[in-house]
Amino acid sequence: MAFQLPTWMALGPTLVLGLTALLLLVFDSIEPDTTNRGLLAGTAALGSLAAVGLSAWYLVAGTGEEPISLYQNTVVVDTMTLFFGLVFASVTALVVVASYDYMRDHSYQAEYYALVMLAATGMTLMAAANSLAVVFVSLELSSLPSFALVAILKKNRGSVEAGLKYFLIGALSSAIFVYGVSLVYGVTGSLLLPEVASGVADTNLTGVLGIGVMMILGGFAYKTASVPFHFWAPEAYEGAPAPVAAFLSSASKAAGFAVAFRVLTVAFPVEELVTGAAGSVDWVLAAQILAVVTMTLGNFAAATQDEVKRMLAYSSIGHAGYVLIALASLSGGSDQFVLAGGMAHLLVYGFMNTGAFLFIALAEYWSVGRTFEDYNGLATKAPFASVAMTVFLFSLAGLPPFGGFMSKYFLFAGAVRAGFWWLAAIGAINSALSLYYYSRVVKAIWIEDPSGDFDIESKPVGLYTAIVAAAVVTVLLLPGFGSVWQFATDAAAALVA
Amino acid sequence: MWIEALIAVTLASAAAVFLAPNKVAGKLAFALSLLPLVGSLWMYSTYEASGNALLAGSELAFETNFDWVVAGPYSLSWHVGLDGISMPLIALTTVLTSLALLASWTPIDERQSQFYGLMLFLEASLLGVFSALDFFLWFVFWEMVLVPMYVLIGVWGGPRRKYAAIKMFVYTNIASLVMFIGFIALVFGLGDSVTSLDMPAIAQALRAGELGSLGPVGAGTLKVAAFVAMFAGFAVKVPVVPFHTWLPDAHVEAPTPVSIMLAGVLLKMGTYALLRFNFTMLPEVAQNNAPIIALFAVVSVIYGAMLALAQSDLKRIVAYSSVSSMGYVILGLVAYTLYGMGGATFQMVAHGLISGLMFMSVGVIYNTTHTRMVSDMSGLASKMPITVAVFVAGAFGYMGLPLMAGFAAELFIFLGSFGAFAGSVWFTAAAMFGIVVVAGYLLFAMQRTLFGDFEVETDYEVGPAAFHDVAPLVVLILLVILLGVDPSIFYDMIQNAVDPLVPATGGGV
Amino acid sequence: MVPIEYYLLLSAAIFSIGVFGILTRRNALLFLMSVELLLNAANINLVAFSRFHGNLTGQTFSLFTLALAAAEVAVGIGIILVLYRNFKDVDVTEAATMRW
Amino acid sequence: MAPLPFELTPAIAALPFVSFLIALFVGAFAPRLLPKGGAVPGILATGGSLLLSLWVMLTVSGGETYHEYVTWVAGAGEATFDLHLGVLVDPLSAMMLVIVSLVAFLVHIFSLGYMNDEGETGLPRYYAGLGLFTASMLSFVFADNLLMAFMFFELVGLCSWLLIGFWFRDDAPPSAAKKAFLVTRFGDYFFLVGLVGVFATFGTSMFVGGEGEGAIQSFPHIAEQVLAGEGAAEVTTYLGLDPQAWFAVLGLLILGGVVGKSAQFPLHTWLPDAMEGPTPVSALIHAATMVAAGVYLVARIYGFYALLPQVLALIAFVGGFTALFAATMGVVKREIKQVLAYSTISQYGYMMLGLGAGGYVAATFHLMTHAFFKALLFLGAGSVIIAMHHNEDMWDMGGLKDRMPVTYYTFLSGSLALAGIVPFAGFWSKDEILYEALVHGLNTPLLLAAYVMGLLAVFFTGFYTFRMVALTFHGEPRSDTARNPHDVRWNVKGPLAVLGILAAVAGVVNMLPVQKVLGVKNIDFLHQWLDSGPEALSAHHYGELLHDFAHYSAGTIGSGVTTVLLGAGLSLALALAGAGLAWKLYAVPDPEEHTDKLGGAKTVLFNNYYQDEYQVWLAEGLTLPLARAADKFDQGVIDGVVNGVSSVSLFGGSRIRRVQTGVVSNYAFLLTASFVVLLVVIGLVGGWF
């Protein structure tokens, strides 16, 4: 580059998102009951797109190759930060664009977008957090707006109930998390991940440390909607407005994994705690247990749902299980590969899952019912959206020729390579089952004859744009997987050399 | 770049047809399908290759190979090319697709553009399956086939179409998953001796005995386990008894053109994959267990034929007889002799044409009588002479009448398998008895339906079928006879491609 | 001075009380208070260990925790309000329309 | 460069094939353009074939033979072999070509009267069938290897299916056609196994070896070398059998096809039903094509069978038994064509007997004479049937002698030949067969038994033959149609005349007894004819093989002459006895059904010893239920398992999701509890406590 940006600019994506949020609040305070949805949504969209652009630019320019640490090393910007920044920003952009139509006759427009932006800010910060303090703060920064977002339909019992459950479980989990942090601090005397690592190295308080680590793991499990901290997810996703559900199930989950990857690998190194000689804290084993239980429960529960949205909620739990394989396969000798697999899957997942939920949003927008039967024959009414939905579902199921197949393949391949072939096998069986319930939707949309005689009055531009964009990306991710894999590998390299 | 062109053109046509209005979709699709047809025939005429695509020292036709995803030891590449095994199947695919599209004009009367678009999409995927030489790429196409198939059966099928479609879809998907795991396990077992999923590289490494152990699993066990996994996976597609139960349902529910593609080409994917993977990459496992595999083959032949004998639905009869005929392919493959493997490959083409012909004529009869029940019709010969004539010819082709493609194929297989391995004489003799049973049920069915006084419950005058229904039948029967009179049209290149697979020392002929 | 273990036991006790409250109370507000107990248990640890290690990190972090706890309560109260509006009750078990 | 007629040999089969194509396509798309519904092209084609065949025969009589082949499929690599199609013209095939084309030609002409004049529909289909039938049979005749023979053997089967089921609107013909094809297919199955076995064993299926170094050897020759332990011949045998035994297995397998096509016991059941086809077709099937194919095949590879005494004995025994067995059934039939059908079975039994007994020439001789007189009899029957307005029941006939003299006298000539009354053709050939069986039987008990059965059959043959003649032509008319029958035209009488003469005089080509008794030299023309041509295919070579490998040797009763006279006299006496008895019983003004006196025996005979019943039971009583059971099993068990798996996993899902009770307190509890459990597990693993 001709000129060198100041290092704090490395946090560009985060800053842009945060500023957008503040800007929106400013709008709101100037004109509290504005009806100018275009302005608000536009601003939010621009902000998130700018973040996307920045992240992409940094990625390509290779900003993160030499990790840039800021603020007494409490925040670090490396390839992983940017990689996930890209994911969060893209999902945010999609959600915002889709919300333009979805939230059309809803008060608190500005608050809505501002909350989304704040949550996004928190997520990007999570990906950059290098200190347990920052982790906790950013975690909350992304959680608290999410609570509000889920419950934002104040007159809708479902939304409120969802918000309540999400909030209560969230509060409990974050309390557990912070207690774990306190224990770890007690053992190591620091909150900075590298120093924690060195502190972990020479301690004999394995028990206390262990409890601490487990509690921190619990916090992450909550954020990623993994068993047993998943209970909020089905209701939250079902009750929340579909775009919010998309946002949470894609971005929020990814954020949880991003921070989990960094904290666990940097602060609690496998070679110290797991494979170390003395008394160990085998959080890898924990991850394995969680992975198996999570994907199995998620998929089996999803297989027997009656409502599409709830099915997707469970399926997103199942996907959390898949990504957990990345953590569960550490210590296998090919850490970088498996982590890269996990990250790549999260990126692809970000698009296909968001797309799927946005299709639900579209259906709700048309006030089609919620159950599979209500979706019968949608293809005859809206073929293009249906094609897109088919792409999302088959991609989620891990069928070629879509991105989901690639990422899942590399994820499982990594597990096998690391010697955890049984994890891959269980994952494979689960995705076989998942095929069943995903194809139920396809069946309803394409094969069944239209039952409910709803008619589509309008084709909302925003929703369509978002859905089509997501679909295109999902397909393009197959041929373009090479570069994705490249970045993912670099990102993983930052964590495990 | 010809293969790419072929696939691209087909995909483009699919998209074009998908967007076209329903009225013109059928004609447009047929017209567009002539492009890949002509293309493949041109490729056949200029085909120059030698050896087996997966083995060293082979010269491939229309080969292209460049990197796709560079991921350390698991790099993926776009690698396509044709050898004597895939070239005939490519031709088969294009020919059958065009004819099937023609045969769709009458039965498909709703959502035409979607139907024809999917058919062409299906063709593109099939072309990919038969030409891909990078495992990953191959698998992508392999799975791509299922999506259109699922919708085609599910939307345009018969009364129980939803059940049949989802059963086919999930069953075959689980199968490909099992196969996938088996193969990937092999690749990992190879460790660093391969740096990509390039099938030739993997095949040669495996044959060079570079398979190491995977975790606690030793090389020997891994080999067998992978072989079993892949065999099971492909056996569902073929289908080999007892993995066949999805097939009759799918066939009976599927509309005629889809049945044609299903029996004519999709089943061949299974045997093609068996040949490419199990029998090319793990020959010693196959040979050591030849009797067991042959048992599967013989059971498929006889049991399938018996099932066909018990059916009263013309389509079910043909469906089960496909199970029977594909059993011969397995028998020929496991023989590991020139005539055996060559005959098996030739049988893929021959059965593709003949079963396509049978389903097509059953479809024509159904279009006219609106029943497929043997008991519900008789004396059709007096109403639709040409259709019946072709049906009879096709049936005798199915029975392996000399100078028709089926006879050549089965003769080669028997010549190859007789004495090829322990107990092969008995297995071959047992399998041959299929030709009697097949004659049995086809003759019974024909006597009941075609001859005697004309009796069909219809509220309209039953007359001869339309030209665009009969034309493909005639084309097919002519092709069948052509291949029967001069098998070398394909057999020479097939032999050339399977010859490297045949162990120098081996029983049989 | 008081040995570090005592603080640890105290915080553990408070934490357990909090968990007990969460598991037994059905009133949303009590639920919220129990969560506060959990957070404060953590704070006790942080402060104590901060003293034990002789650096201020813990104490500083505890301030963050307090602040976030407040924010959390703010959001929580809001949610509980709408809960009351919709379900005419603050019993968390009432809101169980979505399940399975 | 081979002589022109040899170069043209393929055309002999090609011509009828062309007529088939013409009849098929012109008939399908432009029936107007097809004179006489395709008869004319057929007649021209078969006539051409006949002329060509005669020309070929002449050339062969010049001592020349011809063998050319092309590679059908070239097997790459060392370990394998090529498949060939070829033409072999030697005395045997040349003779057979003439017979087939002659009969086919006459049948075509006759069909003008039987089909066209009767205003049948679907004539193009009919003549197309005839054309293909003739073409296949001719190709089969000059085939030079077993594979090609098999291919056209099968095509012959197809044609029989097409023609027997010609009247497809009725119920019986399609059923009969199906039965014919199925039963012969069953035999061909063994043939196919044998064929593959021959390839696997010898690497070739050539009938005759090529000249020069490295030329393909014929498989009988290789077998001979192996058994003689000479030469460098290498064969692979299977099932752990030694060459002798393995060759015997192969021989028996091939014999399966023969038994099926030549309607030998127990696969004879299709033939009587095949009478459902048009009568000219029956003539073609029985005299020259399908049924003859089996016996011809044995004669063709006699060099192989001559090496296998056990197989020969079996052939002879089956032949003798079939001859007697079928003749007895012929005694009680009511329909004229039925009688002829059983006589066909019986006569081919004689040929098998001859072949098995080492009478290669004799069998060939009978094959020829039978072709003539059986074609004659069927055509004669056909003419009667025309006259009787397609009523075939002999009990409605009678007294036709005066109303249709030409038919009567020709038919009589044929009957005398069939019954084996000197000097008609049948006598000479049948007598020679019995003679061979006798002389060789004197040293081989099994053969002797076969001979005795053959001898007894002579009596029944005479009986049913003249019962038929008497009932049809003599006595008083027993129905109105018989009183004023439909008259027939030249196109019926012509063929009858030709065949009538042949049936009367064809015997002169091989009057062996005369030669032996009167010592006239060189009047065994046929024997000399079959001795000319390639050494390996010559009659005396077969004689040597029989002697060296099958250890056949001729015994005598008294002197050779007495043996001849005894044999001939015996058979003639029996024939006359049978004929006389029949004459006495039935050649009366109004005969009665004496067969009823047979009582239960008659029922058994009338039901053909219940052969059909058990075979039908095998097909419909055993196989079909088995198939149904398999279907049940398939639907129930196999598919049940498949569906079971899915429903089980769905059930599991429906249980698992119950964890999500919807009550947030329970969530909190489950969360905490399971987290504690996890904590404990990890703790134990990590050894914290």
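Reader: How many residues of chain D are in contact with chain B, and how many of chain B with chain D?

Author: In this predicted model, local features need pLDDT of at least 70 and side-chain atom pairs pLDDT 80 or more, while totals for chains, interfaces and linings use all residues. Residues are numbered from 1 along each chain as its sequence is written, with chains lettered from A and ligands numbered from 1 in the order written. Contact here means C-beta atoms, placed from the backbone, within 7 Å. On that basis, the chain D count is 44 and the chain B count is 45.

Reader: Which helix gives the most to the side of chain D that touches chain B?

Author: Helices are DSSP runs (H or I, at least four residues), numbered from the N terminus. H6 (146-164), H7 (172-202) and H28 (611-656) of chain D each supply at least two residues there. The most, 14 residues, comes from H7(D).

Reader: And where chain A touches chain B, which element of chain A has the largest share?

Author: That pairing puts 22 residues of chain A in contact with 26 of chain B. Helices H17 (403-417), H18 (421-447) and H20 (481-495) of chain A give two or more residues each. The largest share, 10 residues, belongs to H18(A).

Reader: Leaving aside neighbours within four places in sequence, what is D:Ala375 in contact with?

Author: D:Ala375 is one of the residues touching the most other members of the 771-residue largest nonpolar core. Such a core joins buried Ala, Val, Leu, Ile, Met, Phe, Trp, Tyr and Cys through C-beta atoms within 7 Å, buried meaning 20 or more other C-beta atoms within 10 Å. Its contacts are D:Val103, D:Leu106, D:Ala283, D:Ala287, D:Ala288 and D:Leu499.

Terms used: Contact = placed C-beta atoms within 7 Å. Buried ≥ 20, exposed ≤ 12 C-beta atoms within 10 Å, placed from the backbone.
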